[in-house]
Amino acid sequence: MNAVRAYEVRTRLLYTSRIGTVFLLLIDASIWLQRPDIVDFHHRVQPIPGAFIQDIYDFVVIGAGSAGAVMAARLSEICHWDVLLLEAGTDETFLTEVPFLYPTLQTSRVDWKFRTEPSGEFCLAMEEGRCIWPRGKALGGSSAINAMLYVRGNRRDYDGWRDKGNPGWSYEDMLPYFLKLEDMRDPEYSNLSYHSTGGPITVERFGYHTPLREYMMDGLREMGLTNRYGEVNGPVQSGFAVPHGSIRDGLRCSTAKGYLRPASSRKNLHISINTMVEKILIDPDDKRAYGVQFEKDNRRFYVMVSKEVILSAGALNSPHLLMLSGVGPRKQLEQHDISVVHELPGVGQNLQDHVATGAGGYTIQPPPGAGPVAYDFAQSLGVDNLRRFLLEQNGPLYGMPLCEVIGFLNTKYQDTAMDWPDIEVFIASLSDLTDGGRFGKRSSGISDQYYSAVYEEQLYQNSYMVIPMLSRPYSTGWLELASKRPRDHIRIYPNYFHDPRDMQILIEGLRFAQALANTAAMRRINATLLDYSRSPCRRDTFLDENEFYSCLVRQYTQTIYHPCGTAKMGPATDPMAVVDRFLRVHHIGGLRVVDASIFPVIPTGNTNVPTIATAEKAADIVRAAYADDLREHSDELRRCSTVHYDYSAAAMKGNYVP
């Protein structure tokens, strides 16, 4: 019977998905004709052809993502430094700009399409029992395909980094870089001391919200859980608020838009797309990186560096490239016949991710005579709303349906007197029912069997999701090489719920979802948990409610796309540390890692903004390392640099490399 129902789902989706695909093509073509601000023809990056790539550069940056784009832009401000930026993907597409379409980007051509290895402990509702792990494969990296939520993290996170042997990485050290990257355009917050204006990443509220948001906020007020500062990046993180996003004029503001487009016209910055880096060239005798090997246009290139290679390929690809280059766990390298340049057992270890669950779906009933309270798929992707988007620059396509309200919650396992919440919550004004499986099912990787059992009988109903996310997991995973071939994806073992405390905390997130549904505000629209009676998690088969919730979590496990920690920062006395506090790879000269892989511990919150801030700090660290060179060229720099720095020793003291 289940096989028959799954076949029916596949058949229905085969027909209905074509409608969704046609609509996406229509949006894409219409943007080309009607939205020159999105096309941005005169400011888009003009990549360098392979024939014009130089033999030698001062710096080669690998990966043009959330960190790499920052590094390339900041280093090329020094006009006598030649910088090459290598990106495996293409430019951003028009569709990446549109907030509402964010779920359609998962598993598309701008996604690396990573999947975890199967496990019997999580992602049981997914195809082959494997979690989908989207990672951006385009200029801007994951900042070009993420949900654009602007979250800095918690003060205690960065103080914890410092206390693990990384002086210079406390919250007070990081705050100037959060301010430097930010262009706060919400007038309610732009003049506050802990926000700033003029930075490359524009911050606004999303341009559209559904009526459901007010019901949600009323329910949260009943529970006493709203953030008293009205945002989660202020003096207090705990509580719920309407989110800010990394958006400009209602559209995505990736690091490609914020950093690379303004910098791409510089003569000393070369940007190469569709470029697959195969290995970092490291001299095995003096253990110093001297170049990069990569493939482009079916040709192999070798480029030398006079100063440094900056590895910013992300928490999955950066450790992968280190191992391919002979730096990593000896056993893995020798297993795949890779010469060991230096054994660093921590490469690929300490994998941390913000695990969540999509099982907190609720149907609702709009008040009599009212239209849909949450997103209605047919209405949102209708011709009228496309016209509003194209001609009036408003409407549902400017909304972020996956998070109309964001919040940080202290569960019973966390000291409520501490403003260091152990759960982050996204309240979405749609669910997996909303689109009938056209986009959400695919982006989550849900199997036909599970979708037919849980959702098929309730399709297209007005509904919402509460998505609780574990802020600081106790469990850590690891990465393993699949082969020595660069195009073979690294094997991912997230090891979710290995520590049972993680499951206990996440269950509290589902309990919160039910408590919210029981408020007077949400009862007005009859918020009701989805019917799981045909799923593997039939409530009546469990004597204990915790077992029911645990079943839901293990079935519908979800990443929030925040892998980090796989090349962690720490002192040389830490045998699992990969880089030092200046982000230099231990025992390897001329090589730094700058991305989320260096995080010793995952931050309490979304990781994109901390990654950008890390890169801003790293750029200053690199400048400080070459202070003598900068002072020697100070007169020239004052004439030609796009940014006039103070190159005195006093100005560079904070990030000085002895």
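Over residues 314–328, what share of the chain is helix and what share is strand? The chain there is 73% helix and 13% strand, with the end C-alpha atoms 16 Å apart. Please note that the model is a predicted one.

UniProt, in an unreviewed entry, lists both spans under "domain: Glucose-methanol-choline oxidoreductase N-terminal". Residues 136–159 are 21% helix and 0% strand, and the end C-alpha atoms of this span lie 29 Å apart.

**Select helix 8.** This helix comprises residues 314–324. Ten of its eleven residues are buried, so helix 8 is largely enclosed by the rest of the structure. The buried residues include Asn317, Ser318 and His320 as well as Leu316, Leu321 and Met323.

**Select Val277.** The "binding site" annotation in the unreviewed UniProt entry covers this residue. Val277 is found in strand 12, which runs over residues 276–283. Is Val277 buried or exposed? Its relative accessible area is 8%, and because buried means under 20%, Val277 counts as buried. Display its surroundings: leaving aside neighbours within four places in sequence, Val277 is in contact with Ile62, Leu86, Val292, Gln293, Phe294, Leu321 and Pro486. One of these, Leu321, is among the buried residues of helix 8.

**Select strands 2 and 11.** Strand 2 consists of residues 83–86, and strand 11 of residues 269–272. The two run parallel and are joined by four bridges; Val83 has Leu269 as its bridge partner. In a regular strand, side chains alternate between the two faces of the sheet. In strand 11, Leu269 and Ile271 lie on one side, while His270 and Ser272 lie on the other. Which faces of strand 11 are covered? Both are, with these four residues all buried.

**Select strands 5, 6 and 8.** These three strands form an open sheet in the order 5-6-8, with mixed pairing. The edges are strand 5 (182–184) and strand 8 (244–245), each of which pairs on one side only. Strand 6, residues 201–205, runs parallel to strand 5 and is joined to it by three bridges. To locate this pairing, display Glu182, which stands opposite Ile201 in strand 6.

**Select the nonpolar cores.** The largest has 162 residues, of which Met71, Leu212, Ile427, Tyr455, Tyr464 and Leu591 touch the most other members. Helix 14 (residues 500–517) gives the most to this core, with nine residues. A second, separate core has 43 residues, among them Phe23, Ile31, Met400 and Tyr561.

**Return to the whole chain.** The protein chain holds 19 helices and 26 strands. Along its principal axes, the C-alpha trace spans about 75 × 55 × 55 Å. Among contacts between residues at least 6 apart in sequence, 74% join residues at least 24 apart. Finally, display the surface: the accessible area comes to about 24,500 Å², and 51% of it belongs to carbon and sulfur atoms.

Methods. Residues are numbered from 1 along each chain as its sequence is written. This is a predicted model: local features need pLDDT of at least 70, side-chain atom pairs count only at pLDDT 80 or more; totals for chains, interfaces and linings use all residues. Side-chain values use heavy atoms; hydrogens and water are left out. Two strands pair if DSSP finds at least two bridges between them. UniProt positions are given in the numbering used here, feature names are shortened, and annotations may be inferred rather than shown by experiment. Buried means under 20% relative accessible area, exposed over 50%, partly exposed in between (1.4 Å probe, protein chains only). Contact means heavy atoms within 4.5 Å. A nonpolar core is a set of buried Ala, Val, Leu, Ile, Met, Phe, Trp, Tyr and Cys residues joined through side-chain atoms within 4.5 Å. Accessible areas come from the Shrake-Rupley method with a 1.4 Å probe; for residues, only the protein chains shown count as cover.
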